Amino acid sequence: MNREIFKYLFFALVVLITPVFFQGNYLMNVLVFMGINTMLAIALNLLLGYAGQISLGHAGFFGLGAYISGVLTATYSWNPWFAMSFAAALVGISAFLVGFPVLKLKGHYLAMGTLGLGIIIYIMFNETVELTGGPSGFSGIANLSIGTLIFDSDFKNYYLIWTFVLVTVLLSLNLANSRVGRALRALHDSEVAARVMGVNARLLKVQIFALSAVICSVAGSLYAHTMTFIAPPSFGFNFSVELLTMVVIGGLGSIYGSFLGAALLTLLPEILREAKDYDIVIYGLILMLMVMFMPGGLVRGVPELFRKITGKGGGNA
Amino acid sequence: MQFDQLLQFSLSGLSTGAIYALIGVGFSIIYNATGIINFAQGEFVMLGGMLTLFFLETMQLPLWIAIPSAVCVSTLCGLLFERLAIRPLREATPINLVIITIAGSILIRGISMLLWDKDTHSIPSFSGDEPIAIGNATILPQHLWILAITLLIVGINRFYFYHTISGKAMRACAYNRRAAGLVGIDVKRMVLFSFMISSAMGGVAGIIVAPLTMTAYDVGIILGLKGFCAAIIGGMSSGLATVVGGLVLGVLESLGAGIVSSGYKDAIAFIILLLILIIRPQGLFGKAESERV
């Protein structure tokens with residue numbers, strides 16, 4: 001347990017001092033995105049890695065958070081913090097209600113069901129033009145503020161977002177190591193066995209689904225308030241797939257793995273900017289190779305690779 | 001809503017529905033043989049259209065050669081996909097299988113975008129654009145082509161699955177892979193066949209629909225998903241139920257677009273998908289099963 005705390009403090013320290021090296025750099029903006037993606041990846045990982053339930057619709061919850069927050073502050077001039085909490089509550093309750101029928105599905109069917117859900121939400125963003133501005137997007141969303149401190153620069157937003165990330169990481173680690181976490185892992189390995197042991201599998205799945213949706217919604221609100229402009233393409237099917245990729249690349253069931261996955265996938269487009277149109281091909285290729293050769297993700301694959309290399313080296317010598 | 005309009009929407013819905021049916025049957029064939037939902041299915045539809053365009057315009061071939069060539073090449077892509085991505089991963093978890101097919105679809109889409117471009121292209125109709133009047137509604141000759149070719153393919157499929165050794169072997173795999181292997185059926189080869197057949201069907205669907213809807217490197221996603229809706233309505237059957245599912249979906253979508261709003265057209269399909277999944281996971285016509293895994 002002490003090791004866990006040490007790991008967390010180290011992570012927090014890295015997060016805290018990173019801006020020193022990038023201040024004034026456009027990379028600060030990328031780091032803000034990385035924080036939002038980390039939150040989303042952790043949210044999906046709680047569902048996928050711990051409870052073993054796939055979702056291809058998480059971009060929808062992210063979008064709901066962003067749009068509810070955005071519309072309430074810009075059109076109805078709510079306080080941003082209040083709008084954010086309201087969005088989280090609303091998305092949480094909706095996910096809880098929708099979760100009961102949808103999470104009855106399993107495997108591929110669940111993938112398709114959640115995908116359908118995500119696409120329906122996405123179409124709503126596009127079609128409710130009077131409310132959301134439709135395909136041309138929605139602008140004029142207020143920044144968050146505490147007293148006189150307004151989060152209007154990348155530097156300030158960095159600390160805002162990463163504070164949320166650190167809280168999310170802490171919550172998730174706690175959850176993973178709690179009774180609920182153990183019940184979830186039992187559910188992941190065998191739903192029948194978990195139920196026999198007295199785990200209320202159905203309720204637990206729905207609860208984790210709702211929690212995951214709430215985290216996505218908060219991330220969405222943060223996104224809306226830092227970007228001040230949102231448009232439907234950020235919340236489509238492709239982004240759901242991207243989130244899934246982050247979780248899988250990082251490693252299922254590993255919170256820090258989700259961070260790694262999110263970091264890699266946020267930086268990748270920046271690195272591949274030179275490659276321009278080739279990025280989609282490289283992206284698909286990386287995803288495919290990862291699943292084929294490192295199905296456990298980076299957190300498990302890299303140490304294993306390391307062991308293999310050093311192990312072989314030792315054997316030859 | 002007048003009767004004429006209703007007729008018009010239904011007629012055009014039927015032909016889109018036929019496309020969904022073809023794609024849906026392709027989905028089901030792979031699912032039944034392997035238990036995999038192939039998210040890359042839509043990409044073969046895209047390949048069908050884009051390859052036809054390539055053979056027509058770049059290679060300057062006549063339509064009647066371009067079409068079979070396009071079907072052959074997309075079948076080849078299906079074969080390669082199974083060999084390179086699916087076969088090495090047969091023992092993977094369902095989540096990893098979902099991801100590998102998604103990765104495959106991204107890759108195919110990306111390569112097509114690089115090979116061709118990001119533009120939307122049109123393909124000439126097979127036999128002119130002179131509308132044909134049916135009562136007070138009209139349809140295009142291409143609609144007839146779509147319906148006829150779909151019928152033909154469904155017929156061939158039926159013959160293959162019920163009257164040839166290889167088709168019967170594939171059905172045996174669908175019932176019980178292990179038992180099929182024990183009686184000497186080469187299950188691996190059947191899996192390969194299933195990918196080839198469904199990529200060929202996807203390719204055909206893409207070719208016959210292209211003159212109506214135009215084609216581009218990214219048309220595969222939504223068409224593939226609609227095909228999946230059809231398969232779900234049909235209870236993942238590789239036969240008539242999915243064909244009916246596709247037609248029902250096409251007509252409902254077309255009516256919905258006409259009556260409600262065309263913007264929500266795609267939403268209709270997914271709402272139907274969710275309803276069916278939740279209320280009747282065995283499909284509209286299927287018998288209840290204890291568990292869908």
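Visitor: What makes a stretch a helix here, and what span is expected of one?
Guide: Helices are DSSP runs of H or I, at least four residues, and strands are runs of E, at least two, numbered from the N terminus. The expected span is 1.5 Å times one less than the number of residues. This is a predicted model: local features need pLDDT of at least 70, side-chain atom pairs count only at pLDDT 80 or more, and totals for chains, interfaces and linings use all residues. Residues are numbered from 1 along each chain as written, with chains lettered from A and ligands numbered from 1 in written order.

Visitor: How do you know that the span of helix 5 of chain B agrees with its 23 residues?
Guide: Residues 141–163 should span 33 Å. The end C-alpha atoms are 32 Å apart, so the two agree.

Visitor: Which residues of helix 5 of chain B are called buried?
Guide: Buried means 20 or more other C-beta atoms within 10 Å of the residue's own, with C-beta atoms placed from the backbone. B:Gln142, B:His143, B:Ile146, B:Thr150, B:Ile153 and B:Asn157 are buried. Their cover includes helix 1 (3–34), strand 2 (137–139) and helix 8 (187–213) of chain B.

Visitor: Which residues does B:Leu273 touch?
Guide: B:Leu273 touches A:Met112, A:Gly116, B:Cys229 and B:Ile232, not counting residues up to four places away in sequence.

Notes
Buried ≥ 20, exposed ≤ 12 C-beta atoms within 10 Å, placed from the backbone. Contact = placed C-beta atoms within 7 Å.
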